[in-house]
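Hello,

Here is the structure we talked about. Please open it first, then read my notes on its pockets and helix packing.

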Amino acid sequence: MNQMNESNTTNPTREECKTRTKSRMKAKEIAVIGLFGALSAVLMLARFPLPFMPPFLSFDLAGLMEILGGFMFGPMAALLIIVVKILLQLVMQGSFSLGTGELQNFILSCSYVLPAVLLYHRTKTRKMAVGGMAFGTIFVSVVAVFTNLYMIIPFYVKLFGMTMEDIIAMCSAVNPAMKNAMTMAVFGLLPFNLIKYGVTSVLAFLLYKRLSHLLKGIINR
């Protein structure tokens, strides 16, 4: 009789097993989110300028891991990936803009990822994923115009003792169509971000299902 009681106390109940399984899954999910943040930071290091675009803008695919992570685990996960990316960038490279560039990075990453992820998690269909990324691409491209014109460029102008005319001259040297702030926005800032986040969206669409099945299989083990 005593042996039976000891057996009942040592064997975990069904609820305890479920709790342990959920805890293991959550730990794996957190690990994947951290990994995605690290990969996003690495992808941001492999940045490069685009022809005929403003020379102070750099193309990278850091948003790919953010959008994939958001689709898989939700908007809070996407936000954590963005934060991890920025913190790792600060550790690896430091800040060349007294935090302004990092703030810009955070604003633009959220402007692209969060609308797409929130729309997708309302209705998880391929059509909604495409629509969400299309909306996010357009939204972040518009946001980037205003943040560059009214936050980033004015900050760099003061920091390096330049003028707005100096910035426009740099842009005009690679694309003569950019002759003032308005044309720089129309022919530089807007198309650059449409290209950058458009390419990110296409790659996310191609990779999401395969990567999602693989990672969810590992997490659910």
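H5 gives the most to the lining of the largest pocket, with 6 residues. Helices here are DSSP runs (H or I, at least four residues), numbered from the N terminus. Before the rest, two notes on the source. This is a predicted model, where local features need pLDDT of at least 70 and side-chain atom pairs count only at pLDDT 80 or more, while totals for chains, interfaces and linings use all residues. Residues are numbered from 1 along each chain as its sequence is written, and side-chain values use heavy atoms, with hydrogens and water left out.

**Pockets**

A pocket is an open set of points on a 1 Å grid over the protein atoms alone, where a 1.4 Å probe fits, with protein on both sides within 12 Å along at least five of seven lines. Lining residues have an atom within 4 Å of a point. Points are joined across faces, edges and corners, and a volume is the space filled by probe spheres set on them.

The largest pocket has a volume of about 820 Å³. It is lined by 33 residues, and Phe56, Ser58, Gly101, Gln104 and Tyr156 are the closest to its centre. H3 (62-73), H4 (75-93), H5 (100-122), H6 (126-159), H7 (164-174) and H8 (181-219) each supply at least two lining residues. By class, the lining has 16 nonpolar, 11 polar and 6 charged residues. Nonpolar covers Ala, Val, Leu, Ile, Met, Phe, Trp, Tyr, Cys and Pro; charged covers Asp, Glu, Lys and Arg; the others, Gly among them, are polar.

The second largest pocket holds about 150 Å³ of space. Its lining includes Phe71, Tyr120, Lys124 and Arg126. H6 and H8 each supply at least two of its lining residues. H8 gives the most, with 4 residues. The classes are 7 nonpolar, 1 polar and 3 charged.

**Helix packing**

Axes are lines fitted to C-alpha atoms over the stretch in contact, and angles run from 0 to 180 degrees between N-to-C directions.

The axes of H4 and H5 come within 10 Å and cross at roughly 160°. H4 is therefore roughly antiparallel to H5 (an angle over 145 degrees). Contact means heavy atoms within 4.5 Å. Among the residues that make this contact are Ile82 and Ile86 of H4, and Phe106 and Val113 of H5. The contact has 13 nonpolar, 3 polar and 2 charged residues.

H3 and H4 pack at about 150°, with their axes 7 Å apart. So H3 is roughly antiparallel to H4. Gly69, Gly70 and Phe73 of H3 take part in the contact, as do Ala77, Ala78 and Ile81 of H4, among others. By class, this contact has 8 nonpolar, 2 polar and 2 charged residues.

Best wishes

How values were computed:
Angles under 35 degrees count as roughly parallel, over 145 as roughly antiparallel, 65 to 115 as roughly perpendicular and the rest as oblique.
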